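Welcome! Take a moment to turn the model around before reading on.

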Amino acid sequence: MRVAVIGGGPGGLYAAALLKRLDPAREITVWERNAPDDTFGFGVVLSDETLGGIEHADPAVYQALQRDFVRWDDIDIVHRGARHTSGGHGFAALGRRRLLEILHERCRSLGVELRFREQAPPTGDLARTYDLVIAADGAGSATREAWADRFGPRITAHRCRYIWLAADFALDAFRFEIAETEHGVMQLHGYPYSRPSPDRRPSTRSGGPQDHSASTVIVEMREEVWRAAGFDELDEQESAARCAKIFSDTLGGRPLRSNKSAWTTFRTVVTTHWSSGNVVLLGDAAHTAHFSIGSGTKLAVEDALALAACLTEQPALAPALAAYEAERKPVVASTQRAARASLEWFEDLALHRDQPPRQFAFNLLTRSRRVTHDNLRLRDARFTDSVEREFGCPPDTPPMFTPFRMRGLTLRNRVVVSPMDMYSAVDGVPGDFHLVHLGARALGGAGLVMTEMVCVSPEGRITPGCAGLWTGRQAEAWRRIVGFVHRQAPGTAIGVQLGHSGRKGSTRLMWEGMDEPLPEGNWPLAAASPLPYTPRSQTPRQLTRAQLTDLRGQFTEAALRAARAGFDLLELHCAHGYLLSGFLSPLTNHRTDAYGGSLERRMRFPLEVFDAVRAVWPEERPMTVRISATDWAEGGTTADDAVEIARAFAAHGADAVDVSTGQVVAGEQPEFGRSYQTPFADRIRHETGVPVIAVGAISSWDDVNSLILAGRTDLCALGRPHLYDPHWTLHAAAEQGYTGPGAVWPESYRAGSRRPQTGRLDAPRPRLALDG
């Protein structure tokens, strides 16, 4: 096999070395347009997991790296003059130049041909003359761009400017420092990558083992801050000097040096396909992940390991490249989600700067959602304990089991059973199924159990199986369920969510065809504008002023019935494309009267309904509102709009905002992932000051603890986990060894409050042989 490698960075070089080592008969050539000792940036970070893969695949490279790695455990967060340190993190770094030298030496020793200061031939020419072409030509990959129609790249630019610099001394920890300047917030990311070693002799060779101390220093800030500070008018040396002055405390007055350093904007690269014919992308050419989680070189090296393994394991090139892509894509997608969360946290750093110091540090450490409360406790229990004390957790109480108060209602913990449509009512009347469903989850320990969306009229149902509150018979059925919860699960609150389906009504039961119109027996639909939800959906009529007045009356009548049924909390459903949500989104509200047009006018009717309901809902009982914080569609509701919507509802008396997203238009493109909707709740909480309920793929008690303690939300609503396990909250308490007032087992269940025993896994093994 003849292999051409475009790009002599770590990924390309390591792929070449591995492929040659695994099959010395391979003819491998690497083209690198720069000189051998040209490198941009300073230090690189590799995880223990990646190092383990290198050790297994090529011990010679691992041993060379091991001699030069700088290792440390601590992360320092410096903000407003306070430094908080968290230990147990385990980093390893070395100079990029030294890494390249090690890989150069390894490639030469194996017989790989390295061509420096030479531009690679066009990819098409290489593809015709080589069996395999590996494009490892970086984030600005010419190969990827030339073959964009085959690889399908999507490139997203972000909102911060950053610059790579270095300091000639070794920081004693990975360091984040926040500078609040007259122009805005700036941040420093720094870590050591070289320090003198007693057994290391100074080298006279260019790029040889470093005989001095050094640290990578990255300075980052929002674009508008960068311009306001005048960095757009400074050259490379002036920028380095200015950054050294701003972060003089961290640097101890020392200067910063540059290496062809330039201010740039990070771009996230995602490619639909990683290979085409015999050409394959590797490392930054295929994907990028923000430097704040230290993953670029790591991902490239792991790509090289996987590609070499797949070429060895598979019988031919095509299945090998397919296996490589199938193996690496999910891993990279997960890393990119974490990197995106980290990147956006730093973009919105100003939102968090007023948090208490330790909570700010905890928030920063858990920003990517890969480091969690439980994980951080394993690394540094003392640090985590100090954050919990500052938050107000009683001794031995996880954050999720701290109480939360809204008006006259105190929730004993921060867990909410999210509203989930059951489509099991008859004529809008909840029956035994609802009693068992909601009663079981109330017995399961959650602080608040929410009903499904309860419709305010027969025409407001989504399906014939939706529950309602438009008759006294329905109210009596709900009173029975509420009474059970209050009697049998004292301390658990139960809330009702009121709503109207709008243009998404008159459809089949979910399991018979979600959003599919009924085959017969349809009822007329009404909405903000006469726009069908899908091409198959019924076109709704546009509501007139008189009909809007009637609708307000339906909501207030339902609220009065809910109050008499004894519900502890009422939530107004203004999300997911239902009637009130349809007024809020510009994609579904095309009205030209006083209820359409600007955001202020689009909010008018939902706020009128909220005011009418709040006026009849008991003063001491809280009222919340659920919104879709983005439509996940071009031209729809934005995160900025969501802040204004939440602020308006809070001004009208909302006690909390339940922050969901999407389901407003059928053509949405959500960015799914673990707790993917939480950043919207986080922003609303910090910009408006109103309490929030976070929802969306929150599935573990560790996530709940992390989100609560970081201050990203006040309550967490979980749906599917409570379908899987009605006693999810009590089991979370048992797994954490918590037995306090935040999670009380019903007397009848108390014998099950410990995890059942299983067969022993640690029993002594039988002796198979005897000495003597």
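The paragraphs below go from the barrel to the helices and then to the cysteines.

This is a predicted model, in which local features need pLDDT of at least 70 and side-chain atom pairs count only at pLDDT 80 or more, while totals for chains, interfaces and linings use all residues. Residues are numbered from 1 along each chain as its sequence is written, and side-chain values use heavy atoms, with hydrogens and water left out.

Let us start with the barrel. Eight strands form a closed barrel in the order β19-β20-β21-β24-β25-β26-β27-β28, with parallel pairing. Neighbouring strands of this sheet are turned by 30° against each other on average, direction ignored. Strands here are DSSP runs (E, at least two residues), helices are runs of H or I with at least four residues, and both are numbered from the N terminus. Two strands pair if DSSP finds at least two bridges between them. Strand β27 (residues 692–694) and strand β28 (residues 715–718) run parallel and are joined by two bridges. Opposite Ala694 you will find Cys716 in β28.

Helix α17 (residues 432–443) touches β19 (415–417) and β20 (448–455), and its direction makes about 155° with that of β20. Helix α23 (residues 604–616) touches β24 (569–574) and β25 (623–628), and its direction makes about 165° with that of β24. Contact means heavy atoms within 4.5 Å; axes are lines fitted to C-alpha atoms, for helices over the stretch in contact, and angles run from 0 to 180 degrees between N-to-C directions.

The axes of α18 (residues 472–488) and α20 (residues 545–565) come within 8 Å and cross at roughly 35°. On the α18 side, the contact is made by Gly472, Ala475, Trp478, Arg479 and Val482, and on the α20 side by Arg561, Arg564 and Ala565.

Which helix is mostly covered? That is α14 (residues 357–365), where seven of the nine residues are buried, among them Phe360, Phe362 and Leu364. Buried means under 20% relative accessible area, exposed over 50% and partly exposed in between, using a 1.4 Å probe and protein chains only.

Finally, the cysteines. A disulfide is counted when two cysteine sulfur atoms lie within 2.5 Å, and the count comes to zero. For Cys393, the nearest cysteine sulfur, that of Cys716, is 13 Å away. Cys393 counts as buried, at 10% relative accessibility. For Cys466, the nearest cysteine sulfur belongs to Cys455, 4.7 Å away. Cys466 counts as buried too, at 0% relative accessibility.
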